[in-house]
Amino acid sequence: MAREVANGENHTSPKPSPLPSPLRFSKFFQSNMRILVTGGAGFIGSHLVDKLMENEKNEVIVADNYFTGSKDNLKKWIGHPRFELIRHDVTEPLLVEVDRIYHLACPASPIFYKYNPVKTIKTNVIGTLNMLGLAKRVGARILLTSTSEVYGDPLVHPQNESYWGNVNPIGVRSCYDEGKRVAETLMFDYHRQHGIEIRVARIFNTYGPRMNIDDGRVVSNFIAQAIRDEPLTVQAPGTQTRSFCYVSDMVDGLIRLMEGDHTGPINIGNPGEFTMLELAETVKELINPNVKISMVENTPDDPRQRKPDISKAKELLGWEPKVKLGDGLPLMEDDFRLRLEKPNKP
Ligand SMILES: NC(=O)c1ccc[n+]([C@@H]2O[C@H](COP(=O)([O-])OP(=O)(O)OC[C@H]3O[C@@H](n4cnc5c(N)ncnc54)[C@H](O)[C@@H]3O)[C@@H](O)[C@H]2O)c1
Ligand SMILES: O=c1ccn([C@@H]2O[C@H](COP(=O)(O)OP(=O)(O)O[C@H]3OC[C@@H](O)[C@H](O)[C@H]3O)[C@@H](O)[C@H]2O)c(=O)[nH]1
């Protein structure tokens with residue numbers, strides 16, 4: 001018989017959820033919460049691990065193939081008794097006993113996800129299937145980090161979760177945005193068909209310390225360029241917009257979603273919207289007033305506008321971002337200066 005999920009969202013699941021480990025029901029509950037973070041050696045994943053490790057009742061397992069992530073991002077936890085790091089590609093099955101799965105594994109920067117598009121699709125589809133299979137076997141709750149890219153080049157602005165998007169199915173970005181759309185479909189099919197407890201976050205552009213210096217995304221590019229005194233490369237026309245969320249706000253939103261009662265999808269992002277020219281001017285003003293801004297060619301299918309409607313996150317998770325762009329950029333500058341060994345402003 002169909003049953004409504006607790007949050008009253010319009011999804012029905014025909015089966016009861018698979019049972020979690022008997023330890024969760026033991027009278028003298030002593031076991032820690034075991035949490036798997038796929039992609040935990042990456043930018044958002046490593047900040048999430050830091051936050052989860054602050055709680056002494058959590059044991060964290062990271063599975064990562066190090067395509068865009070690095071052990072360096074986790075070095076403070078390596079050797080910690082509540083932490084384990086596994087070199088693992090999520091396109092292969094993984095057998096671990098866990099209670100929660102944060103499924104982040106997937107290259108996120110356009111230059112990296114376009115580098116091997118077939119692998120990107122496999123990561124999104126087979127990787128998500130494998131993690132759902134694991135969730136089913138061990139009765140874990142699973143959260144997918146989906147993306148604002150599921151809205152494609154949006155015709156509705158700002159984007160709310162009921163918008164179905166405007167996505168090119170055969171373009172150079174499709175491996176990522178269509179891949180994430182299939183991953184969302186799989187999450188809801190496993191929920192309806194097998195009763196898996198799911199959470200789907202639609203993440204909007206996120207920035208902060210630990211982004212790869214050569215990541216290729218706009219904020220990391222502009223900050224590295226400003227520090228190196230190289231022209232800021234605004235891709236034409238420069239009037240396209242994005243909304244930038246600081247990573248600590250993002251991690252807070254993801255944990256609230258995981259531990260709350262709502263499946264989502266829920267937008268998590270900062271609604272402050274900037275054109276890429278405005279972002280370049282802001283970076284110039286804050287980091288290097290002498291740096292030049294140059295207009296360069298863009299790539300196909302670049303979304304022209306993006307801004308999250310976060311009413312659902314506010315109402316259902318009690319979440320909204322706290323860090324403004326003008327406060328977040330200098331925190332990222334400090335980290336980039338250290339790694340680029342350029343400690344002083346010009
Ligand atoms: N940062 C953003 O602005 C943003 C926006 C929307 C969605 N997201 C999503 O959040 C997640 C994390 O993004 P990020 O910015 O930290 O990116 P990132 O590239 O820094 O991290 C991704 C991590 O996944 C790992 N990985 C990639 N393919 C893998 C595979 N097949 N098996 C195992 N590990 C694999 C990488 O090595 C890396 O450590 C991704 O799922 C991304 O799609 C990020
Ligand atoms: O040097 C640059 C890089 C990028 N850009 C522009 O900046 C905007 C943002 O580009 P990014 O590469 O940072 O990221 P995008 O918004 O295109 O994609 C991101 O969206 C959300 C996530 O899922 C992913 O992290 C990524 O796909 C684009 O309009 C791009 O044309 C520049 O103007 N200059």
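In this predicted model, the shell of residues around ligand 2 is made up of 6 nonpolar, 8 polar and 4 charged residues. The average pLDDT of the chain is 93.

**Ligand 2**

- The shell around ligand 2 has 18 residues, of which Thr-147, Arg-217, Val-218, Asn-221 and Gln-235 come nearest.
- Two elements give two or more residues to this shell: helix α5, residues 218–228, and strand β10, residues 232–235.
- Strand β10 gives the most to the shell around ligand 2, with 3 residues.

**Ligand 1**

- Around ligand 1 there are 28 residues, and the nearest of them are Gly-39, Gly-42, Thr-68, Gly-69 and Ala-108.
- At least two residues of this shell come from each of α1 (43–53), α3 (117–138) and β7 (141–147).
- Helix α1 gives the most to the shell around ligand 1, with 3 residues.

**Packing of α7 and α9**

- Helix α7 spans residues 276–287 and helix α9 spans residues 325–340; the two pack with their axes 11 Å apart.
- The angle between α7 and α9 is about 60 degrees, and α7 and α9 are therefore oblique to each other.
- The crossing in which α7 passes α9 is right-handed.
- On the α7 side, the contact is made by Thr-282, Val-283, Leu-286 and Ile-287.
- On the α9 side, Leu-325, Gly-326, Leu-329, Pro-330 and Glu-333 make the contact.
- By class, the residues of the contact between α7 and α9 are 6 nonpolar, 2 polar and 1 charged.

**Confidence**

- A pLDDT of at least 70 is reached by 94% of the residues, and the chain averages 93.
- Residues 1–8 have a pLDDT below 50.
- Beyond near neighbours in sequence, the stretch of residues 1–8 has 12 contacts in the model.
- For the model, the ipTM is 0.98 and the pTM is 0.95.

Terms used. Residues are numbered from 1 along each chain as its sequence is written. Chains are lettered from A and ligands numbered from 1 in the order in which they are written. This is a predicted model: local features need pLDDT of at least 70, side-chain atom pairs count only at pLDDT 80 or more; totals for chains, interfaces and linings use all residues. Axes are lines fitted to C-alpha atoms, for helices over the stretch in contact, and angles run from 0 to 180 degrees between N-to-C directions. Helices (H or I, at least four residues) and strands (E, at least two) are DSSP runs, numbered from the N terminus. Angles under 35 degrees count as roughly parallel, over 145 as roughly antiparallel, 65 to 115 as roughly perpendicular and the rest as oblique. A crossing is left-handed if the near helix is turned anticlockwise from the far one by less than a right angle, and right-handed if clockwise. Two residues are in contact if their C-beta atoms, placed from the backbone, lie within 7 Å. Ala, Val, Leu, Ile, Met, Phe, Trp, Tyr, Cys and Pro count as nonpolar, Asp, Glu, Lys and Arg as charged, and the others, Gly among them, as polar. A residue is near a molecule or strand if its C-beta atom, placed from the backbone, lies within 6 Å of it. pLDDT is the predictor's confidence in each residue, from 0 to 100.
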